[in-house]
Amino acid sequence: MEVRMVQLTEEKMAHIKELRKKAMKLPLHPGVYIMHSRDDTIIYIGKAKALKNRVSQYFGSDKNHNEKVRRMVSNVEYFEYILTDSEFEALILESSLIKQHQPKYNILLKDDKGYSYIKVTAGDWPRISETKQVLNDGAKYIGPYLSAWTIKDTVEEARKIFRLPSCTRKFPQEIGRGRPCLNYYIKQCCAPCRGHVSQKEYNEAVQEALDFIRGGTSDSVRTLTEKMNEAAENLDFELAARIRDRITAINKLKERQKVVASRVPEQDVIALVLGGEKVSIQVFRFAGGRLYDRESFLLNADDEPEQIRSEFVMQYYSMRDKIPPVITIDGPVNDDGVLEEWLTKKAERRVKFHIPQKGEQKQLVEMCRTNAAEALAQAMGRATGRETSALDELRQLLNLPKTPEYIESYDISNLAGGENVAGMIVFENGRPLKSAYRKFKIKTVVGQDDYGSMREVIRRRFEEYRAADKPEGFGRLPDLILLDGGKGHVGAIRPLLREMGIDVPVYGMVKDDKHRTRAITEDGGEIAIQSTRAVFTLVSSIQDEVHRFAIGYHRQQRKKATISTTLTSIPGIGETRAKALMKHFTTIRAVSEATEEMLEETPGMNAPAARAVYRYFHSEENDGE
């Protein structure tokens, strides 16, 4: 997506200067500021610990502002403010005013989370489904339930366990018509369409499914076990077997649920993944140590992650009555102390943030992040969730300003300073972009000087960037440069980029004694990569690929040099005739097997030269005659 930068007119710039003068007169006092547009609409509401400092920042230099803030400032006609006694009071007032006015530049979320119901259709062959509307259609509605995800998942599981149809066929009208669907053959439907189940048996299965939905797995197992034992005592072994299969299916479901469980009885887990101009946020909600709801949000990435988390938490819990005592989150939150105080007051009990570093809670956060990454990948139609997650991990690991969607990597290859070459590869959205790979012959460095060679390559690459007229290929700036080498390489390149006015993060990749990627280096030392992280796989793939590409090009050049040396050692064959022979015959073997007549027919060759080449390759044969 193309980002159009805000261009301010001289009149608008003069107006912003006037606003800054007014902002500089504000008190150094906590409060809330309210930005208005020309038509008197409230477009932004914020809080501040010191109003003068915070508000004046908006109307100063825009170099540190993101595009969202620039746009907001360009639309401000005037501002007003309300003083409060503390920053906490300012947060409460800010939250209340945002909910009341819904300012354009504040709102991340909308309170459109409706209720869900379980619908049981009327008639002799009722169907069970999940719905968000109650209609006057004679059906029975159970609910409401707050968690649409839980209800939808539970209804689907109930239909599978009790083998109820999910198709659109009508019964009894369509009984005996057509073949049963795939669900019958995989034992997820009792196929009333084929008359394989009586109306009485079908309705009993529907009632058992409803009992399962209402009472949960434990109550259902207890009730079904009693029915199974009763059927066995009555020698109705067919019915007992069907009930046994249902109990087995429920127990398997319970085992799957244990995978997503928490030792913390009640908590929410929140994780975000940045991808270009979007951010995906996932919320897992736990009660009784069990996951009972999951929500996914795709928002504009208009701020730093710390601020995005802060705004999300405030707006999310403004729209939720149930606030858990623990909110487990994947990173720092701006104003965390004030937010905790606000959440505690709203919940009427102690609420705290928790950023886990290891153990079960860390695993839950990673699972939440994985789901956020997958949602982002599907929404953006780009890389897989794993690749998206790895790129976001890399952004966090290197503290990059944005997700490195376009990565360039460089490696130098030579043999004792001979045939000095370099390879450049590109990874876009976590995958190799081979059309963007480039090869470099080192021109200005003689001998084995990897630092000098790397400087030449980087200089040539960004001179091409300056000369390019399209934002593609060399005309596109990478989000990150990874050099196959230690901090010496990084130290050689960063000053060059500063000199050229190129603002791109540069890091080096090093390997351990087992030739595995160990760390990414920077000027101050090394940043370790955990081998269990997705980012380890990504960086290792980049390092292996750039090494393979560079060394492959080096071998190709060495082979050419060997071939050239072989032919030019023949009397009468210089560089021009050697190239002509290779172009005509392709390989040295073909040259050696050619007759004198064939050699003489090669462009640029004559009879003496052809005879010299022929004798060179057949001298042993001639000596033996």
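Strands E16 (residues 480-484) and E17 (residues 506-511) run parallel, joined by 4 bridges. To get from E16 to E17, the chain passes through helix H14 (residues 487-500), and this β-α-β crossover is right-handed. Keep in mind that you're looking at a predicted model.

**Strand E16**

- E16 is mostly covered, with 5 of its 5 residues buried.
- In a regular strand, side chains alternate between the two faces of the sheet.
- Here, Leu480, Leu482 and Asp484 sit on one side of E16, with Ile481 and Leu483 on the other, and both faces are covered.
- Look across from Asp484 and you'll find Met509 in E17.

**Helix H10**

- H10 covers residues 336-347, and its 12 residues reach 16 Å from the first C-alpha to the last, close to the 16 Å expected.
- Val338, Leu339, Glu340, Trp342 and Leu343 are buried in H10.
- Their cover includes helices H4 (87-101) and H9 (305-318), plus strands E10 (326-329) and E11 (352-354).
- After H10 comes Glu348, which has a positive phi, near 60°.

**Nonpolar cores**

- In soluble globular proteins, nonpolar side chains tend to be buried together.
- The largest nonpolar core has 33 residues, and Ile270, Ile281, Phe312, Tyr317, Trp342 and Leu343 touch the most other members.
- H9 gives the most to this core: 6 residues.
- Setting aside neighbours within four places in sequence, Ile281 has contacts that include Ile270, Leu272, Phe297, Ile308 and Phe312.
- Another core, of 27 residues, lies apart from the largest one, and its members include Ile151, Phe162, Leu164 and Ile213.

How values were computed. Residues numbered from 1 in each chain as written. Predicted model: local features only at pLDDT ≥ 70, side-chain atom pairs only at ≥ 80, totals over all residues. Heavy atoms only, no water. Buried < 20%, exposed > 50% of the residue type's maximum accessible area, 1.4 Å probe, protein only. Helix = DSSP H or I, 4+ residues; strand = E, 2+ residues; numbered from the N terminus. Pairing = 2+ DSSP bridges. Right-handed = clockwise from strand over helix to strand, strands pointing away. Expected span 1.5 Å × (residues − 1). Contact = heavy atoms within 4.5 Å. Core = buried A, V, L, I, M, F, W, Y, C linked by side-chain atoms within 4.5 Å.
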